[in-house]
There are 2 protein chains.
Amino acid sequence: MKYILRFNLACLLVLLYSCNCSSVESNSKAEEVSIIFPQGDKNTNDNFKGEVWVKSLVDADSLNETAVGNVTFAPGARSKWHLHPAGQIILAIDGKGYYQEEGQAKKILRKGDVVKCPPNVPHWHGASEDTAFVQVAITGRQNGATKWLQSVTEEAYHAAAKN
Amino acid sequence: MKYILRFNLACLLVLLYSCNCSSVESNSKAEEVSIIFPQGDKNTNDNFKGEVWVKSLVDADSLNETAVGNVTFAPGARSKWHLHPAGQIILAIDGKGYYQEEGQAKKILRKGDVVKCPPNVPHWHGASEDTAFVQVAITGRQNGATKWLQSVTEEAYHAAAKN
């Protein structure tokens, strides 16, 4: 009987150890999925609400006036309404985000979605209420800087999405 | 004794099952890591050597002349030398790739690396010998189409990399 108990204990320890390893491995892989580019620095200006991190990947220069940046929104975080004089392309890298153009319904963005926002069209983007969102923004600077507008109301942020 | 054997068998089955689940989960996550955008269609023109898949994510238009595409190179696959009249930005999404500009040493590209290739500078890119490579290419079309040049020699492809 003592032998059986010792064997039970050994089995239990092996099982617990294998469960633990499996769990650690999953967490590690889940983190890898969401990180391609560095998260960068925490935003400190008031163009965003909530926790947002920005990493510039490419600066615009005189030869190629396209800027590329990686933006990470914590759940609930979002930009103000704003527009880009040369337009913007958004690549959804991970998580669940929202995107809305003026006069249109709010859309849900998920990993692999792509948005092409025309020049001078007011829009906002951010994470959904309960899931972070990572995007790459590709922005032409040849027509001037981004123009920041009003905050997104709570009503607009929580409105029903189109998809 | 029979009881102990049955218990051993039960433990073994539970262990095997837990190992199997863990393995399937890992494979599934490994696949997720490398796929953000669809792989697209297999290239059929002779601007590339080896197996290459291209998925256009954004077409250039009159309002925003930036094209964005996801390119997947099988191990050993690469482009010919070529140049872009408005330059190109390359985002390394996954795997291990090579990039070389005319007159420079070949560089290794890994997930998270970014290259800004100036306008009209001949260059080539592709996968390494034994690992596939996924990139997002951001290309301005305002100054005309890509100009394709000569094939990359075997010597240049296999040359020692700078990093």
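This section describes salt bridges, a nonpolar core, strand pairing and cavities in a predicted model. Residues are numbered from 1 along each chain as its sequence is written, and chains are lettered from A in the order in which they are written. Local features need pLDDT of at least 70, side-chain atom pairs count only at pLDDT 80 or more, and totals for chains, interfaces and linings use all residues, while side-chain values use heavy atoms, with hydrogens and water left out.

Salt bridges were examined over all chains. The structure holds ten of them. A salt bridge is defined here as a side-chain nitrogen of Lys or Arg within 4 Å of a carboxyl oxygen of Asp or Glu. One of the ten pairs Lys49(A) with Glu154(A), with 3.0 Å between the closest N and O atoms. Lys49(A) sits in strand 2 (residues 48–49) of chain A, and Glu154(A) sits in helix 2 (residues 154–158) of chain A. The two residues are 105 residues apart, so the pair links distant parts of the chain. Helices (H or I, at least four residues) and strands (E, at least two) are DSSP runs, numbered from the N terminus.

Lys49(A) has 46% relative accessibility and counts as partly exposed. Glu154(A) is also partly exposed, at 37%. The classes are buried (under 20% relative accessible area), exposed (over 50%) and partly exposed (in between), with a 1.4 Å probe and protein chains only.

Glu154(A) has a second salt-bridge partner. The side chain of Arg78(A) meets Glu154(A) at 2.5 Å, N to O. This pair too links distant parts of the chain: Arg78(A) is in strand 5 (residues 78–79) of chain A, 76 residues apart from Glu154(A) in helix 2. Arg78(A) is buried, with a relative accessible area of 5%.

In chain B, Asp46(B) forms a salt bridge with Lys80(B), and the closest N and O atoms are 3.9 Å apart. Asp46(B) lies in the loop between strand 1 (41–42) and strand 2 (48–49) of chain B, whereas Lys80(B) lies in the loop between strand 5 (78–79) and strand 6 (82–83). The pair therefore ties together parts that are 34 residues apart in sequence. Asp46(B) is exposed, with a relative accessible area of 56%. Back in chain A, salt bridges with shared partners join Lys49(A), Arg78(A) and Glu154(A) into one network.

The interior was considered next. A nonpolar core is a set of buried Ala, Val, Leu, Ile, Met, Phe, Trp, Tyr and Cys residues joined through side-chain atoms within 4.5 Å. The largest such core has 22 residues. Val68(A), Leu91(A), Val68(B) and Leu91(B) touch the most other members. Strand 3 (52–58), strand 7 (88–101) and strand 11 (133–140) of chain A, and the strands of chain B with these numbers and ranges, each supply at least two core residues.

Val68(A) has contacts in both chains, leaving aside neighbours within four places in sequence. Contact means heavy atoms within 4.5 Å.

Asn70(B) lies in strand 4 (residues 66–73) of chain B. At 2% relative accessibility, Asn70(B) counts as buried.

Strand 7 of chain B is mostly covered, with twelve of its 14 residues buried. Two strands pair if DSSP finds at least two bridges between them. Strand 7 and strand 11 of chain B run antiparallel and are joined by seven bridges. Here Gly95(B) stands opposite Phe133(B). Five bridges join strand 7 to strand 10 (residues 123–127) of chain B, also antiparallel. Glu101(B) stands opposite His123(B) in strand 10.

Strand 7 of chain B pairs with strand 9 (residues 114–117) in the antiparallel sense over four bridges. Gln88(B) faces Cys117(B) in this strand 9. Four bridges also join strand 7 to strand 8 (residues 107–110) of chain B, again antiparallel. The bridge partner of Lys96(B) in strand 8 is Arg110(B). Strands 7 and 8 of chain B form a hairpin with five residues between them. Gly103(B) in the turn has a positive phi of about 85°.

A search of the whole structure finds three cavities of 30 Å³ or more. A cavity is a set of points on a 1 Å grid over the protein atoms alone where a 1.4 Å probe fits but cannot get out; lining residues have an atom within 4 Å of a point. Grid points are joined across faces, edges and corners, and a volume is the space filled by probe spheres set on the points. The second largest cavity holds about 40 Å³ of space. Its lining includes Thr66(A), Ile138(A) and Gln142(A), with Asn64(B) and Thr66(B) from chain B. Strand 11 of chain A gives the largest share of this lining, three residues.

How values were computed
1 Å grid on protein atoms, 1.4 Å probe; cavity = no way out; pocket = protein on both sides within 12 Å on 5 of 7 lines; lining within 4 Å.
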